[in-house]
Amino acid sequence: MNNATIHKAICTLTILLFAACTSVNELVTFSKCDFSFNSVNDVRIADIDVSRLRSYADLSAVDAIKLVSALSTGKLNLELTVNVKAHNKNQTQASLSGFDYILWIDDAQMLEGSMEQHFEIGPGKTINMPMHFAIDLWSVLKSESRDKILNFGFGLATNNADVSRVKISLKPYFRVGDSITKLPYYVTIGGDKIMPRK
């Protein structure tokens, strides 16, 4: 290996180490930001926009047929966007490449997974972090009656949802190349209780 190749390898390694250190610092800063639950919007049940409806009794005839058809398949898809407000009170930039998440509704765990979504927050800045989720209510609430499941879903659509019903636990991570650095704990936002950390 000649000197030029060695020099290039050292430069590349230095850059990667610097990027990794910067990423970890920005991730730690992100964990120290102030988070608050903003809203729930774009609520759809069985691909029906129910944002302005108070219950399934308010459905049009066409949408009612669509809902009955969905129920006959044994699946009831609920889609919603959860908006989290993040304020960086620190003197340095905060950022992340994505996060593991747990979505809670009425203190029940509805969904768990990972989402690749890059966010950056400058010092003293506040951003909205929209997160889109899709849930099969039948599989999650299978022990409940059909009417209770429907009321559960439609209740989320009323007035941007009662914020005390919805919580989201986030474990942010940062990716540098093939390497991922994660916080060792979840940060839980929303609702009137803090759920246990995992």
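Start by selecting Ser-97, which lies in strand 4, residues 94-105. Helices (H or I, at least four residues) and strands (E, at least two) are DSSP runs, numbered from the N terminus. Ser-97 counts as buried because its relative accessibility is 12%; buried means under 20% relative accessible area, exposed over 50%, and partly exposed in between (1.4 Å probe, protein chains only).

Before going on, a word on what you are looking at: this is a predicted model, where local features need pLDDT of at least 70, side-chain atom pairs count only at pLDDT 80 or more, and totals for chains, interfaces and linings use all residues. Residues are numbered from 1 along each chain as its sequence is written, and side-chain values use heavy atoms, with hydrogens and water left out.

Now show what surrounds Ser-97. Leaving aside neighbours within four places in sequence, Ser-97 is in contact (heavy atoms within 4.5 Å) with Glu-116, Gln-117, His-118, Tyr-173, Phe-174 and Arg-175.

**Stay on strand 4**

Which two rings make up the aromatic pair? Select Tyr-101 and Phe-133: their ring centres are 5.0 Å apart and their planes sit at 65°, so the pair is edge-to-face. Rings of Phe, Tyr and Trp (its six-membered ring) pair if their centres lie within 6.5 Å; planes under 30 degrees apart count as stacked, over 60 as edge-to-face and the rest as tilted. The structure holds one such pair. Tyr-101 belongs to strand 4 and Phe-133 to strand 6 (residues 126-136), 32 residues apart, so the pair links distant parts of the chain.

**Into the core**

Next, color the largest nonpolar core, which has 50 residues. A nonpolar core is a set of buried Ala, Val, Leu, Ile, Met, Phe, Trp, Tyr and Cys residues joined through side-chain atoms within 4.5 Å. Phe-133 is one of the residues with the most contacts inside the core, and so are Leu-67 and Leu-76, among others. Strand 4 gives the most to this core, with six residues.

Click on Leu-76. Beyond its neighbours within four places in sequence, its contacts include Ile-45, Ala-46, Leu-67, Leu-71 and Trp-138.

**Along helix 2**

After helix 2 comes Gly-74, whose phi is positive, near 80°.

Ala-46, another partner of Leu-76, is in the loop between strand 1 (34-45) and strand 2 (48-49). Ala-46 has a positive phi of about 55° although it is not a glycine, and is buried at 13% relative accessibility. Then hop to Asp-107, in the loop between strand 4 and strand 5 (108-121). Asp-107 isn't a glycine either, yet has a positive phi of about 65°; at 37% relative accessibility, Asp-107 counts as partly exposed.

**Zoom out**

Finally, show the whole protein chain: there are four helices and nine strands. Of its 198 residues, 40% count as buried.
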